[in-house]
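Keep the sequence and the 3D view open while you read.

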Amino acid sequence: MKTETTIQGLTASLSAARQARKTIGFVPTMGNLHQGHLNLVREARNFCDVVVVSIFVNPIQFGPNEDFDSYPRTLEQDSQLLADVGCDIVFAPSVEQMYGSKPRLTNISVGEITNELCGAQRPGHFDGVAVVVTKLLNIVQPNFALFGQKDYQQLAVIKQFVHDLNIPVEVIGVPIARAEDGLALSSRNSYLSAEHRQIAPVIYQSLQAAEIALKQGQALNDVLNAIREKLVDAGFAIDYVEAKTPSLQNVEQFDQNIVLFVAAKIGKTRLIDNIQIHYSSS
């Protein structure tokens, strides 16, 4: 496995694969890898000739009071994990390599679907995601790019601008990876204290209970309120508990396929999760 830290080096490493018309799969990450990330690499390995993983903590997607400085940076450990699951090239650029020394005057904003959920809670976040992912896709020029469905809104945003800007890549969403107790795997789980780690699975438990309640005929609004009550009782501070259509439109009742979204803090750690619920009229 190669590690490249410059755009020029990565381009050189991929030139032979391009000349041979090999398929390139790409997994963008911010490092501090867990099994969810590694599942993306395994999935890419299944159908791509070459797998590239980027490790880059992107400063422009963090707000002024967020955890950019403290975000875990574990390149050596991450590289070993990636070698074990068949990654071919790690791209680990510096901030200067990605953004240069001149001021950045170009922004990418995706309207409508970034106005709510995490977009409302983290102003400018998805603009930062859109810029860095566009840059990475232009640098790597993969055939396929794989993202986890835990960040459902992020995946929708990426699919939208890839379509709108005619970026020649197929974006693939991969199901959420979970711990045995149901907690969605996240790099930020490492922030949880032992006590909060025991409480954290309540998010997924409440989503599972909501799915059962909806399929038993309970009203959507009542089910959302029950999630909120369960989380508050467990000690969470709620950012949002909402239902949307799969395309992130508002929904008033469970009469079609929907996605339930939760973002909540336990202690200082912000966790997100979602569950896709299929509607059957029978």
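Predicted model: local features only at pLDDT ≥ 70, side-chain atom pairs only at ≥ 80, totals over all residues.

Residues are numbered from 1 along each chain as its sequence is written, and side-chain values use heavy atoms, with hydrogens and water left out.

## Helix pairs

Helices and strands are DSSP runs, numbered from the N terminus: helices are H or I with at least four residues, strands are E with at least two. Axes are lines fitted to C-alpha atoms, for helices over the stretch in contact, and angles run from 0 to 180 degrees between N-to-C directions.

Start with helix H9 (residues 202-215) and helix H10 (residues 220-234). They pack at an angle of about 155°, and their axes are 10 Å apart. H9 and H10 are therefore roughly antiparallel. Angles under 35 degrees count as roughly parallel, over 145 as roughly antiparallel, 65 to 115 as roughly perpendicular and the rest as oblique. The crossing of H9 and H10 is right-handed. A crossing is right-handed if the near helix is turned clockwise from the far one by less than a right angle, and left-handed if anticlockwise.

Which residues of H9 and H10 meet? H9 brings Val202, Ile203, Gln205, Ser206, Leu207, Ala210, Ala213 and Leu214. H10 brings Leu220, Val223, Ile227, Lys230, Leu231 and Ala234. Contact here means heavy atoms within 4.5 Å. By class, the contact of H9 with H10 has eleven nonpolar, two polar and one charged residues. Ala, Val, Leu, Ile, Met, Phe, Trp, Tyr, Cys and Pro count as nonpolar; Asp, Glu, Lys and Arg count as charged; the others, Gly among them, are polar.

The second pair is helix H6 (residues 125-140) with H7. Their axes lie 10 Å apart, at an angle of about 55°. H6 and H7 are therefore oblique to each other. Their crossing is right-handed. H6 contributes Phe126, Val129, Ala130, Val133, Thr134 and Leu137 to the contact. H7 contributes Gln153, Gln154, Val157, Ile158, Phe161 and Val162. The residues of the contact of H6 with H7 divide into nine nonpolar, three polar and no charged.

## Accessibility

The table gives the relative accessible area of selected residues. Buried means under 20%, exposed over 50% and partly exposed in between, using a 1.4 Å probe and protein chains only.

| Residue | Relative accessible area | State |
|---|---|---|
| Thr29 | 8% | buried |
| Ala17 | 9% | buried |
| Thr245 | 8% | buried |
| Glu170 | 45% | partly exposed |
| Arg21 | 75% | exposed |
| Asn166 | 65% | exposed |

## Buried residues

Thr29 sits in strand S2 (residues 24-29). What does the side chain of Thr29 reach? It reaches the backbone oxygen of Ser54 at 2.8 Å. Leaving aside neighbours within four places in sequence, Thr29 is in contact with His37, Val53, Ser54, Ile55 and Phe56.

Ala17 belongs to helix H1 (residues 7-19). Its C-alpha atom is separated by 7.5 Å from that of Val50, 33 residues apart along the chain. With neighbours within four places in sequence left aside, Ala17 is in contact with Lys22 and Val50.

Thr245 is in the loop between strand S7 (237-244) and strand S8 (258-266). Not counting residues up to four places away in sequence, Thr245 touches Asn250, Val251, Gln256, Asn257 and Val259. The C-alpha atoms of Thr245 and Arg18 are separated by 39 Å. Those two residues are 227 residues apart along the chain.

Where does Arg21 lie? Arg21 lies in the loop between H1 and S2. Its phi is positive, about 55°, although Arg21 is not a glycine.

Asn166 is in the loop between helix H7 (152-164) and strand S6 (170-174). Phi of Asn166 is near 55°, a positive value in a residue other than glycine.

Glu170 lies in strand S6. Leaving aside neighbours within four places in sequence, Glu170 is in contact with Asn143, Phe144 and Ala145. Glu170 and Lys22 are 15 Å apart in space, C-alpha to C-alpha, and 148 residues apart in sequence.

Technical notes: Polar contact = N/O pair within 3.5 Å; in protein donor to acceptor, adjacent residues only side chain to side chain.
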